[in-house]
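Here is a brief report on a model with more than one topic to cover. Please look over the sequence and structure first.

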Amino acid sequence: MNVEIKINHALKKYGENVIIPDLSVDIKPGEFFTLLGPSGCGKTTLLRMIAGFNSIEGGDFYFGDRRINDLDPSKRNIGMVFQNYAIFPHLTVKKNVAFGLQNRKLPKDKIETQTEKFLNMMKIKEYQDRLPDRLSGGQQQRVALARALAIEPDVLLMDEPLSNLDAKLRVEMREVIKEIQNELGITTVYVTHDQEEAMAVSDRIAVMSAGVIQQIGTPKMLYQRPANLFVSTFIGRTNVLEKKLVRSGNGLAVDFGGYQVPMNNLSGEAVEGQTVQASVRPEEFVITDKGDVGVEGKVEFSTFLGLNTHYLVRLASGERVEIIQESRIDDILEKGSTVRMTVKGEKINIFTQDGSKSLIA
Amino acid sequence: MRKARKWDMWVLISIGLLGAYILFMLYPMIKLLINSVRDENTGALTLRYFQRFFDKDHGYAYTLINSFKVSIAATAVTLLIGVPMAYLYSMYEVRGRNFLMVMIVLCSMSAPFLGAYSWVLLLGRAGAITKLIKAWFGVRLPSIYGFGGILLALSTKLFPLVFMYVNGALKNVDNSLLEASSNMGCKGIKRFFKVVIPLCMPSILAAGLMVFMRSLADFGTPRMIGEGYMTFPVVIYQQYVGEVGTNYNFAAAIAVIAVVITAVIFLLQKWSSNRFAFTMNALHPIERRKAGKVGNFFIHLFLYGMVVISYAPQLFLVYYSFHNVSRTGNIIKKGYSFMNYQTVWPDLGPAIWNTFRICGGALIIIIIMAMLISYLVVRRRNLVNNVIDTMSMIPYIIPGAVIGIAMIMGFNSGSLVLTGTAWIMVVAMCIRRMPYTVRSSVAVLQQIPITVEEAAASLGASKFKTFWKITIPMMINGVAAGAIMTWVTLITELSSSVMLYSYKTITLNLLVYVLVVGGTDARACAASTILTLFTIITLVIYMKVAKNKEISM
């Protein structure tokens with residue numbers, strides 16, 4: 001248990017088609033690590049390389065100090081949970097959970113107690129003699145998880161395990177998964193395309209695009225300090241505005257058409273007059289009543305969602321931005337009304353013009 | 001690891017299967033091809049046999065034309081019967097639906113020549129109905145022999161194929177498609193031609209091909225009822241058995257011609273069905289309606305009438321089997337008893353044993369090989385496995401008589417002599433029936449997500465254990481259903497076995513054939529009744545095994 005996963009310069013090709021050009025990552029022992037990215041970004045491919053179902057065209061994969069590149073999947077001691085659960089339909093729930101233990105040729109009573117333990121842990125003991133097709137999706141997922149965990153694997157791999165569940169069950173199951181993982185302290189690699197799910201369960205997340213890891217970090221870091229424009233737009237919602245850096249007192253500021261937002265956390269690469277991409281999340285705009293401060297815009301659309309109200313606002317410069325404000329007790333701003341907004345400078349992110357790099361120190 | 005993976009269990013299985021196909025199929029077929037262009041005496045290269053076949057005055061090209069005429073006519077008739085039957089069956093409430101379905105399937109399950117034979121017993125020169133009508137009305141019925149008889153026998157036996165295919169297709173037609181078409185003012189007969197038929201076109205074409213191929217390759221029917229109307233499988237048989245002097249090389253040449261023709265037809269069908277191919281999946285199956293009083297009557301008359309017409313002759317065989325007969329077996333006497341059964345019993349016992357031994361053996365080999373091949377084809381696509389896949393499908397287009405003659409040419413001399421043994425029949429049966437079982441196994445396996453096997457691997461199961469404990473149990477239901485249907489075709493197999501059997505390996509079906517040809521009608525009927533009983537038992541087992549009541553062919 002508690003194994004470190006180390007991947008150095010992984011390469012994956014299908015024929016001449018390179019899926020993952022050169023990928024390295026260290027996953028700490030006991031960590032809940034998530035591969036997050038849009039479909040086709042190579043996250044499942046990478047997971048299946050770790051599991052041994054996909055060939056490895058280059059690089060080294062280690063569990064601890066054991067190189068596993070050439071190890072058959074059946075000898076890697078992994079627990080895998082699949083998107084479609086992959087439960088054996090001809091075996092009862094109990095036999096499904098015991099399947100891996102039986103391959104270990106353990107004594108009967110040991111198999112029995114171990115199976116029992118995980119049936120109880122996943123709260124599926126009462127269904128133990130049923131065939132899987134008589135179970136709901138959530139129950140099937142619990143069986144899949146119990147089966148994967150029963151062999152006490154070094155590594156738990158999960159490939160979009162919640163994507164076939166309805167929204168409510170998804171939230172419930174992700175809590176179950178997080179809780180169990182915490183309890184067992186097993187190194188876990190989790191694949192998903194749902195950023196909210198990733199944020200909810202992960203210790204660290206690797207955001208992937210086109211076979212390349214864009215950034216690895218805690219959920220908080222990815223949201224608040226994305227490394228590049230892709231991460232900033234992929235994680236959460238944001239408004240991307242092309243702006244210029246101007247001088248303001250001793251430092252630099254972002255110029256929002258006359259309204260200047262001073263930045264005191266820019267890196268050395270930022271220079272006066274540089275064109276940048278400013279990423280301003282909807283909640284980082286603040287609608288203000290104070291006369292002439294801030295940037296002016298016209299409300300084009302408003303949506304009341306209870307806790308928050310969303311506005312689409314056309315700025316004087318012609319750009320349309322999305323703004324989220326906590327709902328107020330007085331009237332919602334009418335369509336067509338003119339508003340002024342300030343920007344929370346300490347929260348926004350500034351990227352180079354091509355979006356490849358953050359200019360925040 | 002790359003290297004280790006290259007030499008796992010599946011590679012050995014690939015090699016084994018490839019070897020088996022090369023030895024038992026490719027080699028005999030090549031021998032057949034060589035013999036067809038080799039002079040029987042000198043061994044020199046010659047096209048003499050092909051010239052002889054196509055010779056204007058003394059050739060046999062006319063038998064090809066006969067075969068074509070009969071096959072095209074049979075295809076047309078079965079489509080004309082089967083498509084409306086399936087349509088009415090799917091669109092309207094019919095009393096005794098399940099019973100009707102079982103009867104339609106039973107119609108198709110009898111041995112190919114038995115249908116023809118029963119028609120001869122009813123409408124032939126000395127047929128029961130012929131005599132009755134002559135006695136009552138003094139009218140002589142037109143002759144049943146020749147083209148008309150073959151067409152009658154083939155149509156009544158093969159229309160269930162069309163029915164099953166089209167019925168299957170209609171199950172995938174969503175009711176909303178029919179409703180939408182009614183909405184736009186296309187109803188009734190117009191909708192049948194403008195919407196229903198085009199939707200079922202892929203299945204209709206597939207069924208048409210199936211009927212055509214079976215008619216073309218059928219040996220038993222024209223042999224029983226064709227008389228002067230010769231078709232080419234009969235010629236191959238005659239050249240081999242030699243009622244008018246044998247010539248193996250000439251038989252080989254005819255066989256080659258037959259394969260070329262069926263291959264061309266197969267490719268044409270593939271090409272045309274690709275143009276029609278689309279997939280359907282019905283969320284809401286067609287809702288069956290109750291027809292009006294008159295309509296209802298005619299629907300039932302048509303559906304049940306067809307079943308009666310095609311199955312009654314077989315029941316007549318059963319009835320006939322209980323007739324008392326003279327000692328020679330060909331003159332009917334008064335009264336009924338089991339005497340025919342008693343007379344044939346000494347032959348019947350060994351024949352039944354042979355049926356189980358040979359057909360059962362073949363079935364087991366077919367199931368095992370089909371599962372292995374389908375696994376290789378679906379999960380391990382590579383060049384060798386594609387070759388195995390193609391080889392396993394080739395017999396689909398080879399008439400049984402051709403396989404029979406190829407087997408003899410391959411294994412009647414040299415280091416591996418199989419002629420006269422049970423093995424040669426087993427091999428021929430395996431080759432002939434493998435395409436169907438492989439296709440159905442592939443379809444079953446494609447439904448099973450590969451992640452289930454990966455899950456097993458991740459839980460520490462070896463490749464062998466994964467296949468044995470996970471893949472096979474998941475496949476077995478689907479494969480078993482197909483295998484039971486294969487069993488029926490095996491116990492009624494004639495066209496290749498008739499060239500390969502010896503007195504030691506005669507099966508029940510061959511015994512019936514021998515008795516029929518020998519002219520001992522009542523005894524033949526007794527043996528055929530046992531055979532019919534077998535098919536009915538098989539069908540009952542099938543319906544127990546296949547969880548849903550659908551019967552697929």
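The model is predicted.

**Helix pair in chain B**

Helix 6 of chain B spans residues 112–123, and helix 8 of chain B spans residues 147–171. Their axes lie 9 Å apart, at an angle of about 125 degrees. The two helices of chain B, helix 6 and helix 8, are therefore oblique to each other. The crossing of helix 6 of chain B with helix 8 of chain B is right-handed. The table lists the residues that make this contact.

| Helix | Contact residues |
|---|---|
| Helix 6 of chain B | Pro112(B), Gly115(B), Ala116(B), Trp119(B) |
| Helix 8 of chain B | Gly149(B), Leu152(B), Ala153(B), Thr156(B), Lys157(B) |

By class, five residues of the contact between helix 6 of chain B and helix 8 of chain B are nonpolar, three are polar and one is charged.

**Contact between the chains**

Chain B brings 15 residues to the contact, and chain A brings 21 residues. On the side of chain B that touches chain A, helix 19 (450–458) and helix 20 (463–491) of chain B each supply at least two residues. Helix 19 of chain B gives the most, with six residues. This side of chain B comprises ten nonpolar, four polar and one charged residues.

**Ala144(A)**

Ala144(A) sits in helix 4 (residues 137–150) of chain A. Is Ala144(A) buried or exposed? Ala144(A) counts as buried, because it has 26 C-beta neighbours inside 10 Å. Leaving aside neighbours within four places in sequence, Ala144(A) is in contact with Val81(A), Phe82(A), Tyr85(A), Ala86(A) and Ile87(A). Gly15(A) lies 129 residues from Ala144(A) along the chain, and their C-alpha atoms are separated by 33 Å.

Key. Residues numbered from 1 in each chain as written. Chains lettered and ligands numbered in written order. Predicted model: local features only at pLDDT ≥ 70, side-chain atom pairs only at ≥ 80, totals over all residues. Axes fitted to C-alpha atoms, helices over the stretch in contact; angles between N-to-C directions. Helix = DSSP H or I, 4+ residues; strand = E, 2+ residues; numbered from the N terminus. Parallel < 35°, antiparallel > 145°, perpendicular 65-115°, else oblique. Left-handed = near helix turned anticlockwise from the far one by under 90°. Contact = placed C-beta atoms within 7 Å. Nonpolar A, V, L, I, M, F, W, Y, C, P; charged D, E, K, R; others polar. Buried ≥ 20, exposed ≤ 12 C-beta atoms within 10 Å, placed from the backbone.
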